[in-house]
Amino acid sequence: MDQIKNGWVNSFFQVPNAIYDNGDLDVYELAVIQYLFRLSNNRTSFPSFGKIALKVKCSRRKTINVIDDLITKGYLVKQKRTDKLGNSESNLYILKQPKNKNAKEPSAGGAPPPVNGVHPSSAGDAPALVNGVHPINTNITHTNIQNIVEFLNRNADTSYRAKTQRTITYITARWNEGFREEDFQKVILIKCREWKNNKDFAKYLRPETLFGNKFESYLNQKGGFGDGKTSTDGRDSGSCNQDEQLKDLF
C-alpha cells in the first residue's frame, strides 16, 4: 500500500529502538546515525564527510569525530572503499544491529524486527562485498592498546595510561580502520623525531593528536625519518622547523 493509516505518503525509514533506548548517544551522534540509516541499503551506506556535515548542520571536523565515536561505541564499522581502478572513494559504513542494553534478552525462538525491511544477519555473517572490499577485523585487545601506549611513553617521555577511555577511543577508531601496532609505532617514531625537541610541538606528542584524524597522513609522511622500526628512546630527536603545521593539528 502507498498510504499508511494517518494518510501520509509512505516515505519513511527506520532505526532500531536501541539507538534511543540505550541513552549513550549525544544529539550529534543521533543525527549522524539517523542520516546513515536514511541512506542505508542492505545495512550499508557511503556518504562523504562533507555530505553528512551538510545534512546534519555541523562542521566536517565534528562529523569525523562523531563517526569515530559511533565506531567506538559499536554502532558502525567503517571500511575503505575503492572504485574499479583502485582509487579511494568515500568510506563505506556498515550499520550494526545494536543490542538494547535496557531490554530483556529475547527467547531462543524470537528474532528482532527487520530494519529497512532487511532481517539482520547472524553474528558470523558478513555483509556483501562492495567493490571487492572485505570487512575489517575489529578485534582489538587490551594488550594491543597497552603495547601502543607503552611505545608512545617510551619514545615521547610521556606517562599516558592504557586504561584511559579517551586514549582507548582514539586507538580503537584507527584499529577499526585496519591499522595495526606497527602502523602506530611508525607514526609515533616519525612524530617523535620531528617534534620531541621542539618546544612548540612537543606537547602534541599525545594520543588525541597522533592517533586522531590525521593519523594516515602522518603514517605516509615523507621526509627521511627512517623506516619506522628503530626506537628513539634515549636518543636526540630532530627538531621541527615547520611551524605552519600548528594550525593543522586539530
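Reader: Let's start with R174 and E177: what do their side chains meet in?

Author: A salt bridge, with N to O at 3.0 Å. Bear in mind that this is a predicted model. The general idea is a cut-off: a Lys or Arg side-chain nitrogen has to lie within 4 Å of an Asp or Glu carboxyl oxygen, so the R174–E177 pair at 3.0 Å counts.

Reader: Is R174 buried or exposed? And E177, buried or exposed?

Author: The cut-off for buried is under 20% relative accessible area. R174 is at 2%, so it is buried. E177 comes in at 14%, so it is buried too.

Reader: Which residues are linked with R174 and E177 in a network of salt bridges?

Author: D68 and K78 join them, giving a network of D68, K78, R174 and E177. D68 belongs to the buried residues of helix 4.

Reader: How many salt bridges does the structure hold?

Author: Eight. One of them pairs K199 with D200, whose closest N and O atoms are 3.6 Å apart. K199 is exposed at 73% relative accessible area, while D200 is partly exposed at 31%. Another links E208 to R206, with closest N and O atoms 3.8 Å apart. There, E208 is partly exposed at 28% and R206 is buried at 17%.

Reader: You brought up helix 4. How many residues does it have, and what does it reach from its first C-alpha to its last?

Author: Helix 4 covers residues 60-72, which is 13 residues. Its end-to-end C-alpha reach is 19 Å, close to the 18 Å expected at 1.5 Å a residue. After the helix comes G74, with a positive phi near 90°.

Reader: Which residues of helix 4 are buried, and what do they pack against?

Author: T63, I64, V66, I67, D68, L70 and I71 are the buried ones. They pack against helix 2, helix 3 (49-56), helix 6 (165-176), strand 2 and strand 3.

Reader: On to the strands. How do strands of a sheet pair?

Author: Through backbone hydrogen bonds, in either a parallel or an antiparallel way. In this model, three strands make an open sheet in the order 1-3-2, and the pairing is antiparallel.

Reader: How many bridges pair strand 1 with strand 3, and which residue stands opposite T44?

Author: Two bridges, in the antiparallel sense, with strand 3 being residues 92-95. Opposite T44 you'll find I94 of strand 3. Helix 2 (residues 27-39) packs on this sheet and touches strand 1, strand 2 and strand 3. The direction of helix 2 makes about 95° with that of strand 3.

Reader: Zooming out, what is in the protein chain as a whole, and how do the elements run?

Author: Nine helices and three strands. From the N terminus, read them off as α-α-β-α-α-β-β-α-α-α-α-α.

Reader: What share of the residues counts as buried, and what do carbon and sulfur atoms supply of the exposed area?

Author: Of the 250 residues, 40% count as buried. The chain exposes about 14,600 Å², and carbon and sulfur atoms supply 48% of that. For contacts with a separation of 6 or more, 67% come from residues 24 or more positions apart.

Notes:
Residues numbered from 1 in each chain as written. Predicted model: local features only at pLDDT ≥ 70, side-chain atom pairs only at ≥ 80, totals over all residues. Heavy atoms only, no water. Helix = DSSP H or I, 4+ residues; strand = E, 2+ residues; numbered from the N terminus. Buried < 20%, exposed > 50% of the residue type's maximum accessible area, 1.4 Å probe, protein only. Contact = heavy atoms within 4.5 Å. Areas by Shrake-Rupley, 256 points an atom, 1.4 Å probe, with all protein chains shown as cover. Pairing = 2+ DSSP bridges. Axes fitted to C-alpha atoms, helices over the stretch in contact; angles between N-to-C directions. Expected span 1.5 Å × (residues − 1).
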